[in-house]
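The sequence and the model are shown below.

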Amino acid sequence: MPVLNRAELTRTGVIFVALLLAVCATSAAAREFRAADTQPEDYPTVQALRYMGALIAERTGHRHEIKVFHSRQLGEEKETIEQTRVGAIDLNRTNVALIGNFVPAMNVLAMPFLFRSIEHMQKVLDGPIGSEILGSFEPYGFVGLAFYDSGARSIYNGVRPIRSVADLRGLRIRVQQSELMSEMIRSLGAEPVEMPYGLVLTGLANHLIDGAENNWPSFVTTDHYKHAGHLALTEHTMSPEVLVISLKAWKSLSADDQQIFREAAARSSRFMREKWHDLEEQSQHKAEAAGITVARDIDRKPFEDAMAAIYAKAGRDPAAAALIERIRKVE
């Protein structure tokens, strides 16, 4: 056996310790990230989160992986947002109306009749405005990663067809747990009922509420259409979904890994849009085949005019007013 002198022993020891520290650091950095989504397992947003997880696992050699908790396994959206903010949940897919209770810019994206079309919304979110908004989350405990589509939301109920603002008078309409959404329904003459998403089906079935408002896939995949046979194509909001990561989880990542997460999130957004388009068409056909009456010939102007007070209130905030103006100018 060769005999090592003191210098060689010292050098060998330093190399061994350095290698040991490198291995420990890599092991400590590797982790499984918990992602929350209230939608069912086969929903486009859940599929997109899994797709993102697969990309991250591949790019990091499985150092990092994402475990997706769907179907409200970690709670309703309002609860999971709060848990994400304090770092108990790592990633969260949520509607902008709910996270607007924490991040002011999100309330602008949830404004009724803000976007002229889905194409207009996508152009805004894919451009500089969208990037700026995603970059505004950090002071509130989140990092914005990407926007997902959620189509246009319309009003449905089990009492009567809705073709005018007057037809809404007196109806109890479920809304997200959001002050803005309550104001919108109240401005249309109906009574808003703030209720967690998971309780809406029971509320419709037991006539605790008369109706709700949501997109085509949510209307069908939750079986709401079985208890609300009248859908009015108001398309009052086209607010997107947003994917966020807790600031605590974000800071645990190296700069290189942060870039991997951002790129994987952007790719998952494009993946989600493709899945969404297909599901939206399938859902519409399924609802109409079941005998749902769809009011398409709606004069939207009286609905838009009813939002005047909401926009006047938003306009008192210079930042919100400027953002609304910028969005409306995007062609």
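At what angle do α2 and α12 pack, and how far apart are their axes?

## Basis

This is a predicted model, in which local features need pLDDT of at least 70 and side-chain atom pairs count only at pLDDT 80 or more, while totals for chains, interfaces and linings use all residues. Residues are numbered from 1 along each chain as its sequence is written, and side-chain values use heavy atoms, with hydrogens and water left out.

## Helices α2 and α12

The axes of α2 and α12 are 8 Å apart, and the two helices pack at an angle of about 150°. Axes here are lines fitted to C-alpha atoms, for helices over the stretch in contact, and angles run from 0 to 180 degrees between N-to-C directions. Helices (H or I, at least four residues) and strands (E, at least two) are DSSP runs, numbered from the N terminus. The crossing of α2 with α12 is right-handed, meaning that the near helix is turned clockwise from the far one, whereas left-handed means anticlockwise by less than a right angle.

On the α2 side, the contact (heavy atoms within 4.5 Å) includes P44, Y51, M52, L55 and I56. The residues from α12 include I260, F261, F271, M272, W276 and L279. By class, 14 nonpolar, three polar and four charged residues make up the contact of α2 with α12. Ala, Val, Leu, Ile, Met, Phe, Trp, Tyr, Cys and Pro count as nonpolar, Asp, Glu, Lys and Arg as charged, and the others, Gly among them, as polar.

## The sheet

An open sheet with mixed pairing is formed by five strands in the order β2-β1-β3-β10-β4. Because β2 (64-69) and β4 (142-148) stand at the edges with a single partner strand each, one side of each has no neighbour in the sheet. Direction ignored, neighbouring strands of this sheet are turned by 25° against each other on average. Two strands pair if DSSP finds at least two bridges between them.

Strand β10 (residues 241-246) pairs with β3 (residues 91-95) in the antiparallel sense over five bridges, and V242 of β10 is the bridge partner of T94. Six bridges link β10 with β4, also in the antiparallel sense; here V143 has I245 in β10 as its bridge partner.

## Helices on the sheet

Helix α3 (residues 77-85) packs on the sheet, where it touches β1 (31-36), β3, β4 and β10, and its direction makes about 140° with that of β3. Helix α12 (residues 255-289) lies across β1, β2, β4 and β10 and runs at about 25° to β4. In β4, seven of seven residues are buried, that is, under 20% relative accessible area with a 1.4 Å probe and protein chains only, against over 50% for exposed and values in between for partly exposed.

## R273 and its partners

R273 belongs to helix α12. Its side chain makes a polar contact of 2.9 Å with that of D126 and another of 3.4 Å with that of D149. A polar contact is a pair of N or O atoms within 3.5 Å; within protein, one must be able to donate a hydrogen and the other to accept it, and residues adjacent in sequence count only if both atoms are side-chain atoms. Neighbours within four places in sequence aside, R273 is in contact with Q122, D126 and D149.

## Positive phi values

Most residues other than glycine have a negative phi. H62, in the loop between α2 (44-59) and β2, has a positive phi near 65° and counts as exposed at 53% relative accessibility. E235, found in strand β9 (residues 230-237), has a positive phi of about 45° and is partly exposed, with a relative accessible area of 30%.
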